[in-house]
Amino acid sequence: MYLSSKEIRAAFLDFFRSKGHTIVSSAPMVVKNDPTLMFTNAGMNQFKDIFLGNQAAASARVADTQKCLRVSGKHNDLEEVGHDTYHHTMFEMLGNWSFGDYFKKEAIDWAWEFLHERMGIPADRMYATVFEGSNDDGLPLDTEARNYWLKHLPEDRVLLGNKHDNFWEMGDTGPCGPCSEIHVDLRDDAARAAIPGRDRVNHDDPLVIEIWNLVFIQFNRKADGRLEELPAKNVDTGMGFERLCMTLQGKKSNYDTDVFQTIITDLGRLCGKKYGEAADTDVAMRVVADHLRAIAFSVADGQLPSNVKAGYVIRRILRRAVRYGYTFLGFKQPFICRLVGSLVAQMGETFPELVTQQTLIEKVIREEESSFLRTLENGIALLDKIMANYTAQGKKQVDGADVFTLYDTFGFPLDLTELILKENGMTADSAGFEVEMEKQKERARNAASVELNDWVTLREGESQFIGYDEVTTAAHILRYRRVRQKNREFFQLVLDRTPFYAEMGGQVGDSGLLKSAAGNIEIFDTKKENNLSVHLTNALPPDLSATFTAEVDVDRRRATECNHSATHLLHHALRSVLGAHVEQKGSFVSPEVLRFDFAHFQKLTPEELRAVEVDVNAAIRANMPLDEHREVPIDAAKSMGAMALFGEKYGDRVRVIRFGDSVELCGGTHVTRTGNIGSFRIVSESSIAAGIRRIEAVTAANCDKYLFAMQDLFSDIRTMFSNTPNLLQALKKTIDENAELKKAVDEFGKEKTAALKKELAQRIENINGIRVLTIRGSFPAEMVKNIAMQLRGEYSDRFAVVAGTDADSKPTLTLALSDALVADGLNASLIVRNAARHIQGGGGGQPHFATAGGKNVDGLAAAVDEILAATGAK
């Protein structure tokens, strides 16, 4: 019986609901408050704090489907996605978890029951792997898991796996344990008879695939490599949803399932090609279908393409899809944005953020596509220039460094560059390219390298945040560790009680002092790590066991609170002035400035900006009190009018902040009354992406500084105009006078150009049947260009203007060719580009006209001689 992907997903969740599991929603794919992750790359990420013991589990049994993104690691190199049939960037991971409840027996028995008994996967196509043990870690064979599997499978299909495949670790340190993988053999009977499936497991066979991994978390890895038994045993399982659909729908490729076929079919309709007819177009269609999902879900979760961190990853993915569409599917205009509707139809029911954010997703993708298509054209022009330079030198292979520049600057993958070079009878130094690529990776590794020592525990206990109510408190150090990052060493401290707010939700972390009788230690920042407030210091206190006074820098905290509360008032004012479609898309709150990103599809008018400022300042003057509600059930918070933002993961209980009609879910610190903010001024309003605007503003003392600076500027300008009482009139008069003077200068320039043109025209020579004007000397480049173009228009026969000038010691080459010479095969752009090496410069243009600038004035004579020779006029 055929099951759709929607039915398969529902069957999994219903099965585990029947086993007493709480079904939870997917966490956002974009991770916002974990410095170790940019994207959710496994189903367990949202339960990380539970595994680390920093948070209690609300339910001992949980199941979900989690949207994940992987672009690196085992089998997940971005450049490989699309070339096989079963790896992806964005994918769904079905999972079930036990937090100190059931363990290996139930996990294995239920996996068998679901796959074989409920979903009907034949037993003779299934294999299980178990951990063979490790001498390095002193761990024996996982006989417990093996014995449970032998109840369901014969011995020759319960295989032993090494530490690489069958021992899961969260990172270099932390929770870990043996795992048991379930593999399915989807080959036809002849292939299975020829080579047993057990010989193809974990050998990258596209039809003998792992679909489910059952992880048994029972150890904690220390920084020195030792393993400690965990007091509570946990189960963490993850099953690839797309692979499960392939198995149950009888397909040989994930991309042949209904998960992707709706998108691929619509893509084929747009490009006029059919999937399955040609290898190159098939790869391109798989790339586009896969990458569309990654991009759309990221934008829906609030991550916009950019040039840094997570935004850069999304931009890389999008540009890779555009490149494949451009090269193999013939798209020269934005096309990925036209497929968003297909994705929403396929997955919007399960992930409603796609439906709500569809318009924004389409606009962001369309703008990114348009921008990159222009970049592609520029990159191709650069590659043309590179090929011309190498051809002029008699070389047929382009150096790896130049190929890498195309990749790094214009997003050209090696295969696209190789394709264009091949069409022009050239090759790329692929080995040199890989060397440059490795250098970049090494730079990235060094920049991101963090060395963490083990936590040193001084006393047991949990850390309590009291910063909503207090800015100073008596405290003890619970634990500490040394950190080395980018050649810098510092320490992380966890306190039993802390008033320090840890950076989160766009608000910067607090700084301050840790005081004791032995002296004061500066806390220069506070970060949230695995649900702990971690205090950063450059040194440890002399007596770690002392009772300390933890004291927040109050002035800095109060300035931050003014800006944070102002963002709430700003959000409300924007919705009042512009409409209810306005949604927060990001924020940054520091003591100096606030930045607020929001959904809106056009630039705000001066009148709208003024209205927003008026609304916010009116709310400030109303001196509304902070109405704070802690530990509110999420549904009750929504009924109070609080907006839940897409891209945020909320717990069952939340904190609600209300100032009058402004009601938001928020974990940050705020003023006790809006009057404390003092005043509010918008400094700038701009676009940061399609459909996303950004406002930067200041409050309180920083607002005063801003206004004082404006007053000083106004005063300075007025002084320049002799303190005239009517400054606007004086400015207008000056502008009008300047325009008249410019007009007079232009007229004088035209007269001078006409006179020089008349003089130069008398120097035209006839050389080898070509009429040539050679210009040398210190003439302005713009004047030479105008004369060359005017003369070119006056001579229809074989005519050329060759100029080598050095106005202001800047060497410039100019070449203008008549249409007759262009028809003879001459190309001004190529000729000038080649000659520019004499002046240590570069340039280009069109076949009939080109210029080049450089640094070496002494090379002008040689450059002009080469141009004359190339045109046949020497």
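# Surface, cores and salt bridges of a predicted model

Ser-722 sits in the loop that lies between α20 (700–720) and α21. The model is predicted, so local features need pLDDT of at least 70 and side-chain atom pairs count only at pLDDT 80 or more, while totals for chains, interfaces and linings use all residues. Residues are numbered from 1 along each chain as its sequence is written, and side-chain values use heavy atoms, with hydrogens and water left out.

## Loops and positive phi

Ser-722 has a phi near 60 degrees, which is a positive value in a residue other than glycine. Ser-722 counts as exposed because its relative accessible area is 66%. The classes are as follows: buried is under 20% relative accessible area, exposed is over 50%, and partly exposed is in between (1.4 Å probe, protein chains only).

Asn-623 also has a positive phi, near 55 degrees, and is not a glycine. The loop that holds Asn-623 runs between α18 (606–621) and β25 (627–633). With a relative accessible area of 29%, Asn-623 is partly exposed.

Helix α14 covers residues 400–410, and its buried residues are Gly-400, Val-403, Phe-404, Leu-406, Tyr-407 and Phe-410. An α-helix has 3.6 residues a turn, so residues three or four places apart point the same way.

## A nonpolar surface patch

Helix α21 spans residues 727–761 and includes Leu-728. Leu-728 is exposed because its relative accessibility is 69%. Together with Leu-731 and Ile-735, Leu-728 forms a nonpolar patch on the surface, and the three have about 310 Å² of accessible area together. Patches take residues with over 30% relative accessible area and no salt bridge, joining like charges within 9 Å and nonpolar side chains (Val, Leu, Ile, Met, Phe, Trp, Tyr) within 5 Å. The areas come from the Shrake-Rupley method with a 1.4 Å probe, and for residues only the protein chains shown count as cover.

## Nonpolar cores

In soluble globular proteins, nonpolar side chains tend to be buried together. A nonpolar core here is a set of buried Ala, Val, Leu, Ile, Met, Phe, Trp, Tyr and Cys residues joined through side-chain atoms within 4.5 Å. The largest core has 121 residues, and the members that touch the most others are Leu-115, Trp-149, Trp-212, Leu-244 and Leu-354. Helix α9 (residues 279–300) gives the most to this core, namely 13 residues. Apart from this core lies another, of 27 residues, including Ala-566, Leu-578, Ile-657 and Val-671.

Leaving aside residues up to four places away in sequence, Trp-149 is in contact (heavy atoms within 4.5 Å) with Ile-108, Trp-112, Ala-128, Val-130, Val-158, Ser-180, Ile-182 and Leu-214.

## Strand pairing around β19

Strands pair if DSSP finds at least two bridges between them. Strand β19 (residues 512–516) runs antiparallel to strand β20 (residues 519–529), and five bridges join them. The link from β19 to β20 is a hairpin through two residues, and Lys-515 stands opposite Asn-520 in β20. Strand β19 also pairs in the antiparallel sense with strand β22 (residues 548–552), over four bridges. Leu-514 has Ala-550 in β22 as its bridge partner.

## Salt bridges

A salt bridge is a side-chain nitrogen of Lys or Arg within 4 Å of a carboxyl oxygen of Asp or Glu. By this rule there are 53 salt bridges.

| Pair | N to O distance |
|---|---|
| Glu-113 and Arg-118 | 3.8 Å |
| Arg-221 and Glu-169 | 3.0 Å |
| Arg-792 and Asp-819 | 2.3 Å |

Arg-792 belongs to helix α22 (residues 781–794) and Asp-819 to helix α23 (residues 819–823), so this pair ties together parts that are 27 residues apart in sequence. Arg-792 is buried at 15% relative accessible area, whereas Asp-819 is exposed at 54%.

Arg-221 lies in strand β8 (residues 208–221) and Glu-169 in strand β6 (residues 167–169), so the parts tied together by their bridge are 52 residues apart in sequence. Arg-221 is buried, with 7% relative accessibility, and Glu-169 is partly exposed, with 27%.

In the remaining pair of the table, Glu-113 counts as buried at 16% relative accessibility, while Arg-118 is partly exposed at 49%. Elsewhere, a network of salt bridges links Asp-124, Arg-125, Asp-189 and Arg-192.
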